[in-house]
Amino acid sequence: MIKTYLSNLLKEALEKLKIDNYTLNLDYPKNLENGDLSTNIAMTLAKPLKKSPKQIAQDIIDNLHYDKSLISKIEIAGNGFINFTFSAVFYHKLLEQIANYGQNFGKQEIGKDKKVIVEYVSANPTGLLHLGHGRNAIIGDTLANLYEWLGYDVTREYYFNNAGNQMRNLAKSIYARYRQILDNPNYPFPEDGYFGDYIIQIAKDFIAKNGDKVIEATDENLKVFQKFGEEWNFIGIKNTLNRLNVNQSSYFNENSLYEDGKIKALLEELHQKDLTYEKDGAIWLKLTKLGLEDDRVAVKTTGEPTYRLPDIAYHREKFLRGFDEIVDIFGADHIATVPDVLATVKALGFDTKKVKVVIHQFVTLTENGQQVKMSKRSGKSYTLDELIDEVGADVVRFFLLMRGVNTHLEFDLNLAKEQSDKNPVFYLQYAYARISSILQKVKEQEISISNSIDFSKLQEKVELDLIKKISDFPKIIYDACEKNEPHILSDYLKELSTIFHNFYHHCRIIGESEGIFVARLKLAQITQITIKNGLDILGISSPEKM
RNA sequence: GCGCCGGUAGCUCAGUUGGAUAGAGCAUCAGCCUUCUAAGCUGAGGGUCGUGGGUUCAAAUCCCGCCCGGCGUACCA
């Protein structure tokens, strides 16, 4: 909000000087002596204008028409930075504006009339979710929330693969356990099967329902096991997601692409565009023709498509469904498919600029400095559910959000279990609870609050710092969404909480004179709304008491 | 071999798209509760930004080489 105000002024001045080819940067100086806001515009213009930065800076200032009651100081510093210092009056007006937004502070209309689809989790129903899926789920869910706050119409979608090899593997694994339990303890378990104990549980549940009537290992019977396993796992997955406050309303399954003939149609279209050929009994995609390194197999010699084909068909569907933006959340292990899919979809005539692919790196779980292994197939998996049982959904969400998506995330189980000030989640929630506590006390004591609020009573430095920080909130939401980086928001909330705790220690509310009391109370309320809105977006609860 | 991501304080990580004296949390040390919740606040120490070059008024940030770690490079998804 502050930046917008100042950049408009600067644009006017530059227009007067007939300078039109520039990029305007406004930064918050690290050093307080350098004002509230700073621009390097004069330095970047030095070369094209062939003038000294200081001269240009002076020219700009001379042409700047501003309200002296709002900006208290403008100076040229260093090699040509222009530093602006705002007056208390400016912040008071800012706070008035923010107060008018009420509960909706932070909501925007940038995405009005635009449809976005965010695809996340998308784990195949071959087992329960683990920590890696968790990161995917939380990033996707939070981005979806951010889009909603920007005014987009958001579809939250889960794509799952219920055809193909992995699912047959699941069926065979369940079947083997089934036989082991029923009639043959030595029945061979498939080498690349799913070794987790949950498979045994699925087999037991299966027996309870169906008994021994599907004892023959026919293809038809295996399908029965597959269906049963798929549903069993899916119920578990949905349940886990629910516990994490992740709610997807749209499910897209791979099978439907076959059933509706979409795969066949796609192959046909690719063939017509001369993007496929046959070799060694398989059908290949001519990806080299589209500028990629190697051609890849689209249909195996078995007649079954590789994952690529349905992936392409699915993305084609997303375009046809009319979304303005398409967001995919993938783990780093899926990175190989991205160029193939995008290049092919583009060749089919779609604008792939609409697609944003968010690749997140892996998560490692550590306990007492030791890494805890989490492999689904080996069976020694630490499931997301177990983690939620141990530390709670708020902590899981926050820990999975608080790093940039591009860095490996170390989930420290000891720190997460810590129910104390060491745990960063509580720091934010505590700020919220503290404000609740004050508001509660005001209510209990039936202190009369006058309706007229005079923000000019707020003159302490912490008070102005707090207002300044609060005013950044809408921009933070925008940035976090634009850059696909939820941690921008969690970092911001930490900083906001710090300033609030600071304010809390320096400034009393209850017991101050009427004018100050009312102004500070309102400031605290607005802080609370900001924290609440931020936590809502992160999908974390805001406790009234701690 | 090739491709993608990362290497910043003892540990985990930020770093506003090239800006001013590189930051935070945890850990360590020293202080602050008869006052709205001490799950808080104040202060101190701690750095060859992996490494070698280059680009310019200015590089943790951009370009090139090298080293280390993760992932990928399937007719698995």
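Analyst: Asn-83 is buried, because its relative accessibility is 4% and the cut-off for buried is under 20%. The model is a predicted one, and the values below are to be read with that in mind. Asn-83 belongs to strand β4. Its side chain makes a polar contact of 3.1 Å with the side chain of Ser-38.

Strand β4 covers residues 81-86, and Phe-86 is the next residue to look at. With a relative accessible area of 6%, Phe-86 is buried. Tyr-91 is buried as well, at 3% relative accessible area. How many aromatic pairs does the model contain? The count comes to 29. In the pair formed by Phe-86 and Tyr-91, the ring centres are 6.4 Å apart and the planes meet at 70 degrees, so the pair is edge-to-face. The label follows because planes over 60 degrees apart count as edge-to-face.

Another pair can be set beside this one. The ring centres of Phe-399 and Phe-411 are 5.2 Å apart and the planes are at 45 degrees, so this pair is tilted. Phe-399 is in helix α14 (residues 393-401) and Phe-411 is in strand β15; they are twelve residues apart, and the pair links distant parts of the chain. Phe-399 and Phe-411 are both buried. Aromatic residues also gather in a cluster, made up of Tyr-175, Tyr-178, Tyr-187, Phe-206, Phe-225 and Phe-228.

Helix α16 gives the most, with eight residues. In total, 65 residues surround RNA strand B, and the closest are Asn-161, Lys-300, Asp-421, Tyr-430 and Ser-437. Of the atoms of RNA strand B that come within 4 Å of the protein, 61% belong to sugar and phosphate. By residue type, the surface near RNA strand B has 22 nonpolar, 25 polar and 18 charged residues.

Asn-161 has a polar side-chain atom 2.4 Å from a sugar or linking oxygen of RNA strand B. At Gly-404, a polar backbone atom is 2.8 Å from a phosphate oxygen of RNA strand B. At Asp-491, an N or O atom of the side chain is 3.5 Å from a sugar or linking oxygen of the RNA strand.

Rolling a probe the size of a water molecule over the atoms shows where empty space is left. The second largest pocket has a volume of about 710 Å³. Helix α19 gives two or more residues to the lining of this pocket, as do α1 (2-16), α17 (461-471) and α18 (473-482). The lining has 26 residues, and Tyr-28, Lys-468, Lys-469, Asp-472 and Glu-495 lie nearest the centre of the pocket. Which kinds of residue make up the lining of the second largest pocket? There are ten nonpolar, three polar and 13 charged residues.

Between α18 and α19 is a loop that holds Asn-484. Asn-484 has a positive phi, near 55 degrees, although this residue is not a glycine. Is Asn-484 buried or exposed? Asn-484 counts as buried, because its relative accessible area is 12%. Ser-122 is buried, with a relative accessible area of 18%.

Finally, the chain as a whole. Chain A has 546 residues, of which 52% count as buried. Its secondary structure comprises 20 helices and 15 strands. The C-alpha trace spans about 85 × 65 × 40 Å along its principal axes.

Definitions and conventions
Residues are numbered from 1 along each chain as its sequence is written. Chains are lettered from A and ligands numbered from 1 in the order in which they are written. This is a predicted model: local features need pLDDT of at least 70, side-chain atom pairs count only at pLDDT 80 or more; totals for chains, interfaces and linings use all residues. Side-chain values use heavy atoms; hydrogens and water are left out. A residue is near a molecule or strand if one of its heavy atoms lies within 4 Å of it. A polar contact is a pair of N or O atoms within 3.5 Å; within protein, one must be able to donate a hydrogen and the other to accept it, and residues adjacent in sequence count only if both atoms are side-chain atoms. Helices (H or I, at least four residues) and strands (E, at least two) are DSSP runs, numbered from the N terminus. Ala, Val, Leu, Ile, Met, Phe, Trp, Tyr, Cys and Pro count as nonpolar, Asp, Glu, Lys and Arg as charged, and the others, Gly among them, as polar. On a 1 Å grid over the protein atoms alone, a cavity is a set of points where a 1.4 Å probe fits but cannot get out, and a pocket is an open set with protein on both sides within 12 Å along at least five of seven lines; lining residues have an atom within 4 Å of a point. Grid points are joined across faces, edges and corners, and a volume is the space filled by probe spheres set on the points. Rings of Phe, Tyr and Trp (its six-membered ring) pair if their centres lie within 6.5 Å; planes under 30 degrees apart count as stacked, over 60 as edge-to-face and the rest as tilted. Buried means under 20% relative accessible area, exposed over 50%, partly exposed in between (1.4 Å probe, protein chains only).
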